[in-house]
Amino acid sequence: MKIRATVQVKGIVQGVAFRHYTAQTAARHGVTGWVRNRYDGSVQACFEGEDEDVRAVVQWCHSGPPAAAVESVSVEEGGYTGEFSGFSVRHDHD
């Protein structure tokens, strides 16, 4: 079953290559979507793919890359849309 999850990760998550590592982790699991920094200092990401793969990437977000200090991860699950052809690092902010 394919699912979609949108996450917001708070803590020391900008300036530590969080987006780069998220993209690598998503690619390793065959997950599509995007990741971007937010003006409030958090990182937001949207993942789509097989249930177990999306959940693995979301779980990874709870620790993140070595230099990160994740304080919290909020997850909103939704229906799979199939709108993404790959995984991208976005450079816009919300």
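Reader: Does Phe47 count as buried or exposed?
Author: This is a predicted model, in which local features need pLDDT of at least 70, side-chain atom pairs count only at pLDDT 80 or more, and totals for chains, interfaces and linings use all residues. Residues are numbered from 1 along each chain as its sequence is written, and side-chain values use heavy atoms, leaving out hydrogens and water. Phe47 has a relative accessibility of 0%, so it counts as buried.

Reader: In what order do the elements of the chain run?
Author: Helices (H or I, at least four residues) and strands (E, at least two) are DSSP runs, numbered from the N terminus. The chain holds two helices and five strands. From the N terminus on, the order is β-α-β-β-α-β-β.

Reader: What is the radius of gyration of the chain?
Author: This radius is taken over C-alpha atoms, and the globule rule is 2.2 Å times the number of residues to the power 0.38. For 94 residues the rule gives 12 Å, and the chain comes close to it, so it is as compact as a globular protein of that length. The radius of gyration is 12 Å.

Reader: What box do the C-alpha atoms fill?
Author: The box is taken along the principal axes. It is roughly 35 × 25 × 20 Å.

Reader: What share of the residues counts as buried?
Author: The chain exposes about 5000 Å², and carbon and sulfur atoms supply 46% of that. Areas come from the Shrake-Rupley method with a 1.4 Å probe; for residues, only the protein chains shown count as cover. Of the 94 residues, the buried share is 43%.

Reader: Among contacts between residues at least 6 apart in sequence, what share joins residues at least 24 apart?
Author: A contact means heavy atoms within 4.5 Å. For the chain, the share is 79%.

Reader: Where does UniProt place the feature "active site"?
Author: The record is an unreviewed entry. UniProt positions follow the numbering used here, feature names are shortened, and annotations may be inferred rather than shown by experiment. The record names Arg19 and Asn37.

Reader: What is the largest C-alpha distance in that set?
Author: The positions are spread over 19 residues of sequence. They still cluster in space, with a largest C-alpha distance of 7.7 Å.

Reader: Which residues does Arg19 touch, beyond those up to four places away in sequence?
Author: Arg19 lies in helix α1, residues 18-28. Arg19 is partly exposed, with a relative accessible area of 22%. Its contacts are Val35, Arg36, Asn37, Val89, Arg90 and His91.

Reader: Is Asn37 buried or exposed?
Author: Asn37 sits in strand β2, residues 32-37. Its relative accessible area is 12%, so Asn37 is buried.

Reader: How many salt bridges are there?
Author: Side chains of opposite charge can pair when their charged atoms come close. A salt bridge is a side-chain nitrogen of Lys or Arg within 4 Å of a carboxyl oxygen of Asp or Glu. By this rule the count is four.

Reader: Which residue meets Glu48 in a salt bridge?
Author: Glu48 is buried, at 1% relative accessible area. The N to O distance of the bridge is 2.9 Å, and its partners, in strands β3 (residues 43-50) and β1 (residues 2-12), are 44 residues apart. The partner is Arg4.

Reader: With which other residue does Arg4 form a salt bridge?
Author: Arg4 itself counts as buried, at 17% relative accessibility. This second bridge spans 2.7 Å, N to O. It ties strand β1 to the loop between β4 (69-79) and β5 (87-89), 79 residues apart in sequence. The partner is Glu83.

Reader: Which residue pairs with Arg55 in a salt bridge?
Author: The bridge is 2.8 Å, N to O. It links helix α2 (residues 51-61) with strand β4, 22 residues apart.

Reader: Which residues are joined into one network?
Author: Some salt bridges share partners. They join Arg4, Glu48 and Glu83.

Reader: How many aromatic pairs are there?
Author: Rings of Phe, Tyr and Trp (its six-membered ring) pair if their centres lie within 6.5 Å; planes under 30 degrees apart count as stacked, over 60 as edge-to-face and the rest as tilted. The count is two.

Reader: What angle lies between the planes of Phe18 and Trp60?
Author: The pair is tilted, at 5.4 Å centre to centre. It links helix α1 with helix α2, 42 residues apart. Phe18 and Trp60 are buried. The angle is 55 degrees.

Reader: How far apart are the ring centres of Phe47 and Phe87?
Author: Their planes stand at 15 degrees, so the pair is stacked. Phe47 lies in strand β3 and Phe87 in strand β5, so the pair ties together parts 40 residues apart in sequence. The centres are 5.9 Å apart.

How values were computed:
Buried < 20%, exposed > 50% of the residue type's maximum accessible area, 1.4 Å probe, protein only.
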